[in-house]
Amino acid sequence: MKKFFLTATVLLFLLGCILVYQNIAYNDKKLHIIICDVGQGDAILIRTPQGSDILIDGGPDDSVLNCLGKHLPFWDKDLELVMLSHPHADHFTGLFSVLRNYEIRSFVSEDLINKTAGFNALIDRIKTQKIPIRFVFAEDRFILKGNIVLKIVGPTQEFVHQTSPGGAIGESNELGSLESFLVYENFSMLFTGDSQVLELQEALEFIDANISVFQVPHHGSKFGLTSEILDILNPKMAVISVGKNNKYGHPTTFILDLLKSKNIKIFRTDEVGDIEIVSDGKSFFVRN
Amino acid sequence: MNFRMFLVLFVILGFRFYFFYSNQPNFASGQEISFETTILSQPQIIGSQQSFTANYEARKIKIITSRFLEINYGSYLRISGKISNQSDRVLMYFPKVESINGSLNFFQLGLQKMVKFAQKLTSLFSETLPSPSSSLLLGIIFGIKEQMPKDFSDNLKASGVFHVIAASGMNVALVGGFISTFFTFFFKRQIAIFFSILGIIFYAILAGLEPSIIRASIMGVLVFSAQILGRQTLAVNCLFLAGFGMLLADPSLISDIGFQLSFLSTLGILYVKPILEKKPIISSEILTTIAAQIATLPVLLVNFGTYSLFSILVNGLVLWTVPILMMFGGAGAILGLIFMPLGQLLVYLCYPLLLYFEAVVNFFGKIGGIISIKTFPWQFAAGYYCLLVCVLLIFKKEK
């Protein structure tokens, strides 16, 4: 018994040290955006200066948990908002593990379903855990503490109805994917999911030009971007969430050349792993 | 053990083997079958698929299906589809899998209740700690590997401590030990031992009925029973009795790697470790590792073709944390059912040790140091064991 309490005291002391250290490291009153290295898929964690956590997509497998574990303090086991850009397996499969390991306060997605067993299972799980579900369209916005706004910039309701009349997602041209735009004073970042040129063009009217960071749509697929769109956005930096040696040939040389021709710095998850962008609202930097 | 007794058991086992293998059904590729079975271990999830083993007329069939089907340890399923043979394994790819909920017998209902309880018990870890700490603790205490991130389990393999997250004899001994120490405070020794036996059985069902856990539990129960009966414990007899019972129930276990490793490593700890202990320069935990490795090396090489160079060092660095983690984590899981914040506090106390464990494993996992041997001939293995037995006999004579 004496030994038990002695061990407990030592462990408590160590735990205290970790608590102090992680509180300094993670609650630094800065905005952190992490493009998680989840292979071929998407998972993006946003941690606001006030410590609210937003997860956009969950990636194709459990690896999103490692990213969350690494970039959140150990006691932080809730996510204020989880947003699913569109119901494809490489974006939602990891959410099963997130649902098991984290308390999710609210779930947001576009108003599209996918008839696969996987997506149905996901919605069932979210409903049994009594997590509120909301569907959003362009012009909806989330105003967060600390002067941060997350605007939905696409797709519009009309776009969803036109491209997917049945209300269900397909695999190619009827693809609609949530696009969102985060603004924190002088810093801004555009999240694009798997959206394609048509949808991105429509979204431009809701986006302020000269953005800080741009997430290249659809893992660098050639159908995601044109030179004109890139000129209007004029980002300082681009990030691509993509898996090593994926079977689709992402990112395409077309997209890489396009970005290079405009001297935009590129960060890829298949090359550097998790990409962490840190901003105080004035400037930003990348930490690997 | 009495030699004549041994011979009788051996003959019985021989008959069992003969009838088992001569009556075993043979499957043709493409053959359609349909059967009902209870799943006796947690399905393994890889990417968008999950796989598990199903028993069909004394054959083990590996089933591969979508990860989105809700299949758990204890589920009672009807499986129908086509067989496909691959080398010496029988597989079924994406058969029709339906879960049957009505008309369950007492055993099946009990198992499902236990699994529900285990899920409640273990959910505290995943809700309290971040990954991979939570899955490491789950692995150490309950041998649950299903939630382990792939890169971390690769590092565990590369650094030679993967066995830590497989529930085994060490866990069973610790569970029995904790319970008997705890209850001796309040009751007579016999009653405490009785509770230990109950605890071991309960733990075995919670941890999943894998060969290593069953072997260790039977041994644990025998050892503790012998204590109640006041007989001197003869671990070797218990080991052979456990092995005998298991093979009698399921002869196909003889080709199960988990069973072989579990049996041999225990033999190693019983026979090789005492010799190593004659010159005690290193701690007992490391000697246990070395003894187990000496006894299992050929089996590991034949089956996996790899050996981790740093495994003894890494084991020495991390094994001392296992009893502490089991004590605090296990107590946390149980107290968490009654009062969650207290359970969480105990689980949090594990966190510093888990971070240390992860740091060591990731460091050595990245260095690598794996020797890989493409083909290891069985003749070498046979020769190795002959030599090992000789060495053991020589040392026995010296004594």
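Guide: Start with strands. Two strands count as a pair if DSSP finds at least two bridges between them. Keep in mind that this is a predicted model.

Visitor: How many bridges join β1 to β5 in chain B, and how do these strands run?

Guide: Strand β1 (residues 32-38) and strand β5 (residues 76-82) of chain B are joined by 7 bridges. The two run antiparallel. Look for B:Ile33, which stands opposite B:Gly81 in β5(B).

Visitor: Which strand does β5(B) join through 4 bridges?

Guide: That is strand β8 (residues 96-99) of chain B, again antiparallel. B:Arg78 stands opposite B:Glu98 in β8(B). B:Ser80 stands opposite B:Lys96 in β8(B).

Visitor: What is the strand order in this open sheet of chain B?

Guide: The order is β1-β5-β8, 3 strands with antiparallel pairing. β1 and β8 of chain B stand at the edges because each has a single partner strand. One side of each is therefore left without a neighbour in the sheet. Neighbouring strands are turned by 15 degrees against each other on average, ignoring direction.

Visitor: Now cysteines. How many disulfides does a search of the whole structure find?

Guide: The search finds 1 over all chains. The link is between A:Cys36 and A:Cys67, with sulfur atoms 2.0 Å apart. The cut-off for a disulfide is 2.5 Å between the sulfurs.

Visitor: Where in chain A do A:Cys36 and A:Cys67 sit?

Guide: A:Cys36 is in the loop between β1 (31-35) and β2 (44-47) of chain A. A:Cys67 is in helix α2 (residues 63-71) of chain A. They are 31 residues apart, so the pair links distant parts of the chain. The angle about the S-S bond is -70 degrees, and the link is left-handed.

Visitor: Are A:Cys36 and A:Cys67 buried or exposed?

Guide: A:Cys36 is buried at 0% relative accessibility. A:Cys67 is buried too, at 2%.

Visitor: What describes a pair of aromatic rings?

Guide: Use the distance of the centres and the angle of the planes. The structure holds 31 aromatic pairs over all chains. One of them is A:Phe74 with A:Trp75, an edge-to-face pair. Their centres are 5.3 Å apart, with 85 degrees between the planes. A:Phe74 is buried at 2% relative accessible area, whereas A:Trp75 is partly exposed at 32%.

Visitor: Why does the pair B:Phe187 and B:Phe195 count as tilted?

Guide: Their planes are at 35 degrees, with the centres 6.0 Å apart, so the pair is tilted. B:Phe187 is partly exposed at 39% relative accessibility. B:Phe195 is partly exposed at 29%. Both belong to one aromatic cluster, which also includes B:Phe182 and B:Phe194.

Visitor: Which lysines lie over the face of a ring?

Guide: A:Lys265 lies over the face of A:Phe267, 4.8 Å from the ring centre. B:Lys157 lies over B:Phe162 in the same way, at 5.1 Å from the ring centre.

Visitor: What span should helix α6 of chain B have?

Guide: Count 1.5 Å a residue. The 19 residues of α6 (residues 189-207) of chain B should span 27 Å. The end C-alpha atoms are 26 Å apart, which agrees. Its buried residues include B:Ile193, B:Ile197 and B:Tyr203. Just after the helix, B:Gly208 takes a positive phi of about 100 degrees.

Visitor: Which peptide bonds are cis?

Guide: One runs from A:Gly154 to A:Pro155, with omega near -5 degrees. A:Pro155 is in the loop between β10 (148-154) and α6 (157-163) of chain A. Another joins B:Ser131 and B:Pro132, with omega about 0 degrees. B:Pro132 is in the loop between α2 (106-128) and α3 (133-142) of chain B.

Visitor: Where does A:Glu185 lie?

Guide: A:Glu185 lies in the loop between β11 (179-184) and β12 (187-191) of chain A. Its phi is near 50 degrees, a positive value in a residue other than glycine.

Technical notes
Residues numbered from 1 in each chain as written. Chains lettered and ligands numbered in written order. Predicted model: local features only at pLDDT ≥ 70, side-chain atom pairs only at ≥ 80, totals over all residues. Heavy atoms only, no water. Buried < 20%, exposed > 50% of the residue type's maximum accessible area, 1.4 Å probe, protein only. Axes fitted to C-alpha atoms, helices over the stretch in contact; angles between N-to-C directions. Phe/Tyr/Trp six-rings, centres within 6.5 Å; stacked < 30°, edge-to-face > 60°. Lys NZ or Arg CZ within 6 Å of the ring centre and 35° of its normal. Expected span 1.5 Å × (residues − 1).
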